[in-house]
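I am opening this notebook to keep track of what I look up, one entry at a time.

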Amino acid sequence: MLRIEGLSAAYRGLKALQGVSMEVRKGEIVAVVGANGAGKSTLLKSIAGQVATEGEIVFDGASLRRVAAHDIARRGVCLVPEGRRLFPRLSVEDNLRLGAYARRGEANRFKPLDFVFTLFPRLKERLGQRAETLSGGEQQMLAIGRALMTQPRLLMLDEPSQGIMPRLVDDILAAITRIRDTGVTVLLVEQRLAEALEISDRAYVLQTGRVVMSGAAADIAADSAVRQAYLGL
Amino acid sequence: MENGILARRRRELITGAVVLAALAVLPLPIADVYTRNLIIITLLFAGLAQAWNILGGYCGQISLGHALYFGAGAYVATLLFVNAGFPPLIGMFVGGAVGGLLALLVGWPCFRLSGHYYAIATVVVGEIGYLLFLNWDYVGGATGVYVPFKGDSWLALQFKTQKLPYHYVTLAFAAAAWFAAWLIEGSRWGFAWRAVRDDVVAARSLGVRVFASKMAAAAISGFFTGLGGAIFAQYVGYIDPESVLGGQFSILIALPAVLGGVGTLWGPVVGAAVLMPVSELSRSYLGGSGRGFDLMLYGALIVVVALARPQGLVSLLGRRRERARAA
């Protein structure tokens, strides 16, 4: 579904990604793990078209090079960014509607709504509330819900557990598995290594902008040498 | 979710219709020309502020150069009438179209800037427009243009002794701008524009075309501002760069929306209903000795509202509704 070859990106001359190659297959949860500054978020932003890159990104057989960020989103690639980036002054309802409006056709625009409310019943209770008044966990639920309203085929999540009560982290991770079960492919960047690897099929380990290891998530999780060498655990 | 939104939208529309009906009969018992003039100016600014609100409030692009579109609309409709006998009732739409086109031309380079830089760029563009018209002989330069009176006529939008027709023209203008904002608010465009206002990166990641959204908002905003300029020119019968293109005018267009509540349907209307009477009354009571006092009052009001109700005066109505619901 997603193939990346020789992807490089830099911020003001500082190399954030250096020749990254990877593949994400349809219906998988693929985790991208690594220490802070490894280039995980840059990788997701590059796929979403928010960062200038070199190299090739192919989604569903079509190159995403020189495709504008909004067109990438319209092709079914949706990023839930780090820090959620909700529309704070809009209500929960309007945030969800915004996701739905990303789709052009009228028909089935609100189809994912029932699923979003099943995943996150709290959102239904807080429908009229401004997004900025929600707790961290609820905001993350809304960010994921809003992304689901775009009916993505590839959902990219950047640190979904960041700033969330531990009790809610499990809910969020369980929700990610349920999202995958509906046929949505998930690319997950997550600091909580054990939990991320537990729900993922495969994983890539990034270090200073390079892929240093890849394989089945269970294998990486089980390899204590890898954990020590690349993940600082 | 859809049912709740439709019910809310229907309520807004019904409220709009009730206010429109009330404003339609408002001048009938008023014989005083001064008060009628005050209402006309208030309605005109309610429409202009709503036009500004479409770009500045819903799309978050703070323009301080709207006088350019206003002046362009005023000049185009007036010159078409003076030089070609083109009826202003139709000419005002040409003026509006030119206002919209100018907004697109300004937006093309300026929307590549963001935040304060965009606002500063619009100030500069507005000043360029002012200086251009000031030194352009064809449009009367600093002398300006008189609108010749050719008898009472709806086509010419000229009524020598009556104020009532102007009341209905400005009411139709304010209502049209309000209705446009209402349509936008509930549309896919409106949602996209609010996303652009709140977070450009998040908007893009949801598939929103940011640049196109800003351009569309600018075109509609410019159109209504130009339309207002054309109506203003016919109402006052004389225009010059100072009266329709001055930098101060850009501020006056934006202020009612800022005071009433940006990005809201009723903010510009409430803001104009408060500010214009304050401005006109302070000017008429203080005369020449109070020149500029109205602006001081404006400033004081804005400071008070910004401190007490940053969401604008219209948010007070929301608070009252919430209290009533709680009771």
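**Entry 1, chain A as a whole.** I first looked up burial, and found that 46% of the 233 residues of chain A count as buried. I note at the outset that this is a predicted model, and I read every value below with that in mind. For secondary structure I listed 10 helices and 10 strands in chain A. I then checked the radius of gyration, which is 17 Å for chain A and therefore agrees with the value near 17 Å that a compact globule of 233 residues would have. Taken along the principal axes, the box filled by the C-alpha atoms of chain A is roughly 45 × 40 × 35 Å. Looking at contacts in chain A between residues at least 6 apart in sequence, I found that 67% of them join residues at least 24 apart.

**Entry 2, chain B as a whole.** I repeated the search for chain B, where I counted 14 helices and two strands. Its radius of gyration is 19 Å, close to the 20 Å that the globule rule gives for 327 residues, so chain B is as compact as a globular protein of that length. The C-alpha trace of chain B spans about 55 × 50 × 40 Å along its principal axes, and buried residues make up 48% of the 327 residues. For contacts in chain B between residues at least 6 apart in sequence, the share that joins residues at least 24 apart is 75%.

The buried residues of α3(A) include V92(A), D94(A), R97(A) and Y101(A). I then asked what covers the buried residues of α3(A), and the cover includes α4 (113-119), α5 (121-125) and α6 (136-149) of chain A together with α7 (188-198) of chain B.

R66(A), which is not a glycine, has a positive phi near 60°. I placed R66(A) in the loop between β5 (62-63) and α2 of chain A, and with 7 C-beta neighbours inside 10 Å it counts as exposed. Q151(A) is likewise not a glycine and has a positive phi of about 55°. Q151(A) lies in the loop between α6 and β7 (154-158) of chain A and is partly exposed, with 17 other C-beta atoms within 10 Å.

I looked up how helix α3 (residues 67-84) and helix α9 (residues 210-236) of chain B pack, and found an angle of about 50° with their axes 6 Å apart. α3(B) and α9(B) are therefore oblique to each other, and α3(B) passes α9(B) in a right-handed crossing. Among the residues that make the contact are G71(B), G73(B) and A77(B) of α3(B) and G222(B), G226(B) and A230(B) of α9(B). By class, the residues of this contact divide into nine nonpolar, eight polar and no charged.

I then followed α9(B) to another partner, helix α4 (residues 88-110) of chain B, whose axis comes within 6 Å of that of α9(B) and crosses it at roughly 140°. The crossing of α4(B) and α9(B) is right-handed, and their contact has 16 nonpolar, 12 polar and one charged residues.

Is L155(B) buried or exposed? With 12 C-beta neighbours inside 10 Å, L155(B) counts as exposed, and its place is in the loop between β1 (145-146) and α6 (164-186) of chain B. Leaving out residues up to four places away in sequence, L155(B) touches P87(B) and L89(B). I also looked up V82(B), which is 73 residues from L155(B) along the chain, and the C-alpha atoms of the two are separated by 14 Å.

Key. Residues are numbered from 1 along each chain as its sequence is written. Chains are lettered from A and ligands numbered from 1 in the order in which they are written. This is a predicted model: local features need pLDDT of at least 70, side-chain atom pairs count only at pLDDT 80 or more; totals for chains, interfaces and linings use all residues. Helices (H or I, at least four residues) and strands (E, at least two) are DSSP runs, numbered from the N terminus. The radius of gyration is taken over C-alpha atoms; the globule rule is 2.2 Å times the number of residues to the power 0.38. A residue is buried if 20 or more other C-beta atoms lie within 10 Å of its own, exposed if 12 or fewer, and partly exposed in between; C-beta atoms are placed from the backbone. Two residues are in contact if their C-beta atoms, placed from the backbone, lie within 7 Å. Axes are lines fitted to C-alpha atoms, for helices over the stretch in contact, and angles run from 0 to 180 degrees between N-to-C directions. Angles under 35 degrees count as roughly parallel, over 145 as roughly antiparallel, 65 to 115 as roughly perpendicular and the rest as oblique. A crossing is left-handed if the near helix is turned anticlockwise from the far one by less than a right angle, and right-handed if clockwise. Ala, Val, Leu, Ile, Met, Phe, Trp, Tyr, Cys and Pro count as nonpolar, Asp, Glu, Lys and Arg as charged, and the others, Gly among them, as polar.
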